Amino acid sequence: EIFKLTSFLSLSLQAKMSRSVQAQRLEGTDKNIWVEFVKLAATYSTVNLGQGFPDFPPPDFLKEAFVRALSGENHMLHQYTRAFGHPPLVKILAQFFGKLLGRDLDPMTNVMVTVGAYQALFCCFQAFVEEGDEVIIIEPFFDCYEPMVKMAGGTPVFVPLRPKAPKDGKLMSSADWQLDPAELASKFSERTKAIILNSPNNPLGKVFSRGELELIADLCVKHDVLCISDEVYEWLVYDGKEHIRIASLRGMWDRTVIIGSAGKTFSATGWKVGWTVGPNRLLQHLRTVHQNSVYHCATVAQEAVAQGFQRELELYGKPDSYFVQLPKELQRKRDWLVQSLDAVGMNPIVPEGTYFLVADISKFKSDVPDVPDSDEPYDSRFAKWMVKNKGLAAIPLSAFYSGAHKNNYNHFIRFCFAKEEATLKAANDILQKWKQEKNSP
């Protein structure tokens, strides 16, 4: 019996795997800022202005559409629909974006529905990028771009938006962060497969001007490069700014994949309905990745989003349109948070679009002393200290930079202002109390 037990233990030890199991393409992509900061916010925060989601509900017409789809007599809405997009949704998206782009779109070949914009991005990188390809990423960038490029075997090439000091002591605007044309041009080479454009930009809230987009478009055409255009915040543009779609510029339709999101469009981030719009020559490859990964998105959510777009097409440009009302409401919230941060000396960069506002924390550095020779960027330590000690959650701007550049802009943090007024007021109360504590002898 003892011999049997000894033999069994010996075999068990031998049976344990000793070979490496991790695919090499995952090397260096295991850390994720959201996993860490969402956990911190859940543990410590009383006010969460970190992760980018509204804490107010989607519009009533959208919720009602979801309930009708869920409880109506069409029981097929509980089953699979077309893999590349529920027919009513791709049809209305083709109509809607055809109107915006000034071209006839085929719902079956020019539109594909994805599990949020996140999966749309994943499909793009997997479909287009391979070993030896370079992909240009404009910094600061939404953090998943870099690991997704690397997982596809590509090499990210970074080009920064550089801030220019505003005149006359005005608050800095996201428009003050600009590309250097010569620097951008120098990043294009025969190895460049694609550039990722995010306008309006997360985290800065920058809305790229027509001139900036034409610069990018000319380089794409000259070097025969694809453009992955992440436009999830397309309706969230303020101060009368215009969101210009790069696919509408000369030579760009044929080489651009547009990515959109019902989560950001209709304030329903948990529904995870996104889409891609583009020429069939590009989308056919996205369909191959899609059918071999998630295959399908929730039918009921797609049906409700289709009805939401049908309403918005009928009200397009009219005061009752949600796409008109939501940016007005968010601009008020933005202005309120700008005023609140400015009053306590946490200098805000006024965003032209998105949910987000970046603020300069330089005047608060005395609260969180620097740690010499630390590998962690200062703003990351500051944000962790702030959520633990003040109960206010935000995201460090360094999270939106490549490893080599994380310390270049490490005195900024990003706030999300797509929140209820009560949430923003609670954040203001924390900031005001903090300022009083700083000023008291």
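The points below take the domains, their interface and then the salt bridges.

1. Basis and layout. The model is predicted. The protein is divided into domain 1, made of residues 26-57 and 321-439, and domain 2, residues 60-315. Between the C-alpha centres of domain 1 and domain 2 there are 25 Å.

2. Extent of the interface. In domain 1, 40 residues are in contact with 48 residues of domain 2. The two domains bury about 3,700 Å² between them, and carbon and sulfur atoms give 62% of that area. On the domain 1 side, F323, E352 and T354 supply 23% of the area buried against domain 2, more than any other three residues.

3. Polar links across the interface. There are 20 residue pairs in polar contact between domain 1 and domain 2. Two salt bridges are found across this interface. K241 forms a salt bridge with E352, with 3.6 Å between the closest N and O atoms. E352 is also one of the three residues named above for buried area.

4. What domain 1 presents to domain 2. The elements α2 (33-44), α12 (322-344), β11 (348-349), β12 (356-360) and β15 (412-416) each supply at least two residues of the side that touches domain 2. The largest share, nine residues, comes from α12. By class, this side of domain 1 has 27 nonpolar, nine polar and four charged residues.

5. Salt bridges and the K384 pair. The count of salt bridges comes to 20. In one of them K384 pairs with E36, the closest N and O atoms being 2.7 Å apart. K384 sits in helix α13 (residues 378-390) and E36 in helix α2, so the pair links parts of the chain 348 residues apart. K384 counts as buried because its relative accessible area of 17% is under 20%. E36, at 34%, is partly exposed. E36 and K384 also belong to a network of salt bridges with E376.

6. Pairs involving helix α14. The side chains of K438 and D367 meet in a salt bridge at 3.5 Å, N to O. K438 is in helix α14 (residues 421-439) and D367 in the loop between β12 and α13, 71 residues apart. Both residues are partly exposed: K438 has 30% relative accessibility and D367 has 24%. K390 and E437 form another salt bridge, at 2.7 Å from N to O. K390 lies in helix α13 and E437 in helix α14, so this pair ties together parts 47 residues apart in sequence. E437 is partly exposed, at 39% relative accessible area.

Conventions:
Residues numbered from 1 in each chain as written. Predicted model: local features only at pLDDT ≥ 70, side-chain atom pairs only at ≥ 80, totals over all residues. Heavy atoms only, no water. Domains from an automatic or database assignment. Contact = heavy atoms within 4.5 Å. Buried area = accessible area lost by both parts, 1.4 Å probe. Salt bridge = Lys/Arg side-chain N within 4 Å of Asp/Glu carboxyl O. Polar contact = N/O pair within 3.5 Å; in protein donor to acceptor, adjacent residues only side chain to side chain. Helix = DSSP H or I, 4+ residues; strand = E, 2+ residues; numbered from the N terminus. Nonpolar A, V, L, I, M, F, W, Y, C, P; charged D, E, K, R; others polar. Buried < 20%, exposed > 50% of the residue type's maximum accessible area, 1.4 Å probe, protein only.
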